[in-house]
Amino acid sequence: MPEATQRISEIYQQVVERNPGETDFHQAVKEVLDTLAPVLRQHPKYAERKIIERICEPERQIIFRVPWQDDQGEVHINRGFRVGFNSALGPYKGGLRFHPSVYLDTIKFLGFEQIFKNALTGLPIGGGKGGSDFDPKGKSDDEVMRFCQSYMTELYRHIGELTDVPAGDIGVGAREIGYLFGQYKRITNRYESGVFTGKNPSWGGSLVRREATGYGVVFFLEEMLQARDNSVSGKTAVVSGSGNVAIYAIEKLQGMGAKVVACSDSGGVIYDPEGLNLETVKQLKEVERARISAYVKHHPHAEFREGASIWDIPCDLALPCATQNEIDEAAAKKLVEQGCIALCEGANMPCTPEAMKVLEAGKLAYGPGKAANAGGVATSALEMQQNASRDAWTFEHTEERLHDIMRNIFRDCHNAAEEYGEPGNYVVGANIAGFRRVADAMLAFGLI
Ligand code: NDP
């Protein structure tokens, strides 16, 4: 029925017109909408009740001024954002990103993706995202603290354990979450642990939350490979980035018998043909907050390639774990030509639409971020469970729960792809399985 395709195309045009200049948001919406025509055909109620149109419009968007003073007393003004995209399945849930490139478009694309990702976890969490154009890089601890306190002085009135629960993302790690939660606690006069996830385990955080996104990506990758009678063990892998997601993806890859030969940061790429020494990467990034180029001082046989593309390095497994649109058409072609067999996304939307086409034609096993990197938010929901019951689970128990969730997400993506006639296409599977859960809840709630 061509009407469904026509309808989808009209909805997309409206999104572009109503959100001018927000190209990342347009890209994220298009990627989902392009897979939904068969669902509209099968379930006309979704079209009648304008579910897709409603999903594309955030429930609320908050933009605010964040003034703060640096160590020299100079005043700076940043901009803060929080977008509550969809609360059909639970409180808004999604991280905060602090990076100079952040503007409303960034937060909306991430928030939109988060709706479907969170639905795929099967846990009671809606979709949201937030952040600021503040750059924590090069700032002192005190400057980061003052910024976080000012940011929370506005944000606190919009969040709550039953309303909106932020966490970390690029530029927001354990340090920032400590300052943000501390200020929330002070202003509200409540020790409301469930209002934030990614907390330190010594004050209400969950074990495995730090590792969860990276581990989860590798669990998803292993499921994809096993469906093709293959496995991670014995493969050569390349992981972009060297932040939270990248580090723990590398840890799990190595634990499962893969050799990881490269990682990166925004300055360039480290190529270590003998296999990366993860202890050095952790020391540089988690302790010293240094640049990845310093790796070669500790391991002179390795190579630092300034400003180079990591995707030129031959590998069996490619794991983009840095940022959006980091794999373009040329990079995707290079990966396919050099015999890469699987690409699994730790980052959100790391492949451009052109790159996705190349990967699909190349018949790689392709794990989309909204499914593959859902382990972080899933473990955040487990952190909320522990907070609600005033409990703390062991590492082993929590990792097993994460592993089960990732297996279930894979199964749901796999089954939805088969049901809609695209076996092995996990982009289609993830979008449809996530969308249907949210859409059914929205139908049940009436026109709100
Ligand atoms: P971190 O801030 O810990 O690390 C980000 C890494 O990516 C750093 O190595 C950084 O290098 C690099 N990077 C960031 N921006 C760019 C850029 N524009 N160009 C090149 N390199 C860049 O963030 P996370 O590891 O938490 O997040 C990485 C990705 O994973 C993001 O897409 C995020 O949305 C996604 N994600 C994160 C989750 C989590 O639980 N943390 C959950 C799900 C998805 P440098 O330090 O030089 O900037």
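**Close-up views of a predicted model**

**Figure 1. Strand β6 and its neighbour β10 in the predicted model.** Val239 has Leu319 of β10 as its opposite residue. Strands β6 (residues 236-239) and β10 (residues 317-319) run parallel and are joined by three bridges. Both strands belong to an open sheet of seven strands with mixed pairing, in the order β9-β8-β7-β6-β10-β11-β12. At the edges of this sheet stand β9 (303-306) and β12 (365-367), each of which pairs on one side only. From one strand to the next, the twist averages 15 degrees.

**Figure 2. The aromatic pair Phe98 and Phe147.** A search of the whole structure finds 19 aromatic pairs. In the pair shown here, the ring centres of Phe98 and Phe147 are 5.2 Å apart and the planes stand at 90 degrees; the arrangement is therefore edge-to-face, since planes over 60 degrees apart are classed in this way. Phe98 is a residue of strand β3 (residues 92-98), whereas Phe147 is a residue of helix α7 (residues 141-155), so the pair ties together parts that are 49 residues apart in sequence. Phe98 is buried, its relative accessible area being 1%. Phe147 likewise counts as buried, with a relative accessibility of 0%.

**Figure 3. The aromatic pair Phe410 and Tyr426.** The rings of Phe410 and Tyr426 form a tilted pair, with 5.2 Å from centre to centre and 55 degrees between the planes. Helix α17 (residues 395-419) contributes Phe410 and helix α18 (residues 426-445) contributes Tyr426, so the contact ties together parts that are 16 residues apart in sequence. Both residues, Phe410 and Tyr426, are buried.

**Figure 4. An aromatic cluster that includes Phe134, with Lys139 over the Phe134 ring.** One aromatic cluster is formed by Phe64, Trp68, Phe98, Phe134, Phe147 and Tyr151. Lys139 lies over the face of Phe134, at a distance of 5.3 Å from the ring centre.

**Figure 5. Lys252 over the ring of Tyr215.** Lys252 is placed over the face of Tyr215 and lies 4.4 Å from the ring centre.

**Figure 6. Burial along helix α2.** Helix α2 (residues 23-33) is mostly covered, with nine of its eleven residues buried. The buried residues of α2 are Asp24, Phe25, His26, Gln27, Ala28 and Val29, together with Glu31, Val32 and Leu33.

Key: Residues are numbered from 1 along each chain as its sequence is written. This is a predicted model: local features need pLDDT of at least 70, side-chain atom pairs count only at pLDDT 80 or more; totals for chains, interfaces and linings use all residues. Side-chain values use heavy atoms; hydrogens and water are left out. Rings of Phe, Tyr and Trp (its six-membered ring) pair if their centres lie within 6.5 Å; planes under 30 degrees apart count as stacked, over 60 as edge-to-face and the rest as tilted. Helices (H or I, at least four residues) and strands (E, at least two) are DSSP runs, numbered from the N terminus. Buried means under 20% relative accessible area, exposed over 50%, partly exposed in between (1.4 Å probe, protein chains only). A charge sits over a ring if NZ of Lys or CZ of Arg is within 6 Å of the ring centre and within 35 degrees of the ring normal. Two strands pair if DSSP finds at least two bridges between them. Axes are lines fitted to C-alpha atoms, for helices over the stretch in contact, and angles run from 0 to 180 degrees between N-to-C directions.
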